[in-house]
Amino acid sequence: MRVRGGGRTATVAAILLLAAACAKGADPAAAPQRAPGTPATPDAGKTALAEAAKSLAALMAAPGPVVCSRNGDHWQATAYDDAFRTRAASFTPATIESQLAAIAAKLGAEKASVRSLCGAEGDPGVSPVSPDGRRVAVQVDFSAGGALTHVGWLDLGTGAFTDLTAASDKKGYVTETFHDKNPGFAPDGSFWFVRDSQEYFSADPTGRLTRRQISLACFGRRNDDTYYRVVRSLAVLCPGTVHPSGRFAASPRGVAQWLSSVQGFQLDLLADRVDRYADAPDHLPFRMQVAVRDGGDWRDCTPVTWINATDLLCSGASNDYYTVAVDPALARDDLDHADSTKVKVKAEIAPATETSIISVAVSGDRRSLIIAAGDAGTAKLYRAGLLNPGGPVEIGPIPAEVREGFTLHSGDRAGGAG
């Protein structure tokens, strides 16, 4: 039956049909629905951040030894039990690779990276992870040579990246661009970095910057500035050998004895400081130099770390380890000429060996020295007592999954002395 287009009845019918069709399309029950009990598709970015935060929190809280190694193109940190058989926690920046790539892409940079938790020789100085495990320190390189770099942190809770360098740059009639590098967190949660290879700055969680001073302790080790430690608001360039008091550090140096020189150390006070590297004096203050006398012979000592307020762990010239007792009163600020003293070996920790030493670290309770020694494919782990020395005891092989680039983590996982 044909209905005329101009009729009233047809017009009303058409309106009713159209309304019914619209109502059906708007009805949620008419749209494709997720089956009851089926979870929503998770956001991949949020999942990765949550996984990273969980892994870091477990890693930072793990009581046992931590090692760093290579996992493809990334580093990874893994915590073990004391026997190095059970993994307690693990983290690798590969978990947040997409977030790091997005940071670099947004800034037009080549890469954004997070520095290894173990840093140089097992001691990171300032930590790439904040004490609460919520933030990671990121360095953004704009070219392969690192001619321009930015620093900031990635918040694992929100996914937001705070670019401190960009916030400092000035544009307009007067342009100023900064070159920032070597970021990390101090034990109090403040964020630190080096600006223009001259000055150190810290930032609070709001991004407010404070210029910090550099201790002249260990200042001759200029190339180690990446692995600085924060001690009482000072940047100190020898992370592992700061005394527990925070007053001085054991800085390795040759000590003149008669007509020869032996490898010993110098007790550098942290209080002498400058604002910039360029402000350092041509002649540093005189400090007490210490050489080790073992019977009638001199013995090389490269300081490793303090075991307590008086005992310093030394590495000898033949892969040997031993302790010496050092009176903290020897660290003085009243020397007006070069002076030196001698100390004796207190305890033998590990004898000389021709076996290659891969890495060493002091246990968290400061009671033992863990040594990784041997060839890369057959290396083994040993434990030597520091309080009751008796020679290294084999723990077992280095776990296969962490052999590549194996480094034992030493020091405080929150970034060092406060």
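Okay, a definition to begin with: two strands pair if DSSP finds at least two bridges between them. Helices (H or I, at least four residues) and strands (E, at least two) are DSSP runs, numbered from the N terminus.

With that in hand, look at strand β25, residues 380-385, which runs antiparallel to β26 and is joined to it by 4 bridges.

Before going on, some housekeeping. This is a predicted model, where local features need pLDDT of at least 70 and side-chain atom pairs count only at pLDDT 80 or more, while totals for chains, interfaces and linings use all residues. Residues are numbered from 1 along each chain as its sequence is written, and side-chain values use heavy atoms, with hydrogens and water left out.

How confident is the predictor? pLDDT is its confidence in each residue, from 0 to 100. The protein chain averages 86, and 86% of the residues score at least 70. Residues 1-40 are another story: the pLDDT there is below 50, and beyond near neighbours in sequence the stretch has 6 contacts in the model (contact means heavy atoms within 4.5 Å).

Back to the sheet. It's open, with 4 strands in the order β23-β24-β25-β26 and antiparallel pairing. At the edges stand β23 (357-362) and β26 (393-397), each with a single partner strand, so one side of each has no neighbour in the sheet. On average, neighbouring strands here are turned by 20 degrees against each other, direction ignored; the axes are lines fitted to C-alpha atoms, for helices over the stretch in contact, and angles run from 0 to 180 degrees between N-to-C directions.

Now, β24, residues 368-373. How many of its residues are buried? That's 6 of the 6, so β24 is largely enclosed by the rest of the structure. Buried means under 20% relative accessible area, exposed is over 50%, and partly exposed is in between, using a 1.4 Å probe and protein chains only. In a regular strand the side chains alternate between the two faces of the sheet. In β24, S368, I370 and A372 are buried on one side, and L369, I371 and A373 on the other.

Its partners: 5 bridges join β23 to β24, with I357 partnering A373. The two strands form a hairpin with 5 residues between them, and R366 in the turn has a positive phi of about 60 degrees. Then 6 bridges join β24 to β25, where L369 stands opposite A384. That hairpin has 6 residues between the strands, and G374 takes a positive phi near 120 degrees.

Speaking of phi: most residues other than glycine have a negative one. S197, in the loop between β9 (191-195) and β10 (199-203), has a positive phi near 55 degrees, and is partly exposed at 23% relative accessible area. S233 has a positive phi too, about 70 degrees. You'll find S233 in the loop between β12 (229-231) and β13 (234-236), partly exposed at 39%.

Last stop, helix α3, residues 97-107. Which residues of α3 are buried? Q99, L100, I103 and A104. They cover an arc of only 140 degrees around the axis, which puts them on the same side of α3; the arc is that of the directions from the helix axis to the C-beta atoms. What covers them includes α2 (44-61) and β5 (135-141). On the other side, A105 and K106 are exposed. After α3 comes G108, with a positive phi near 70 degrees.

Technical notes:
pLDDT is the predictor's confidence in each residue, from 0 to 100.
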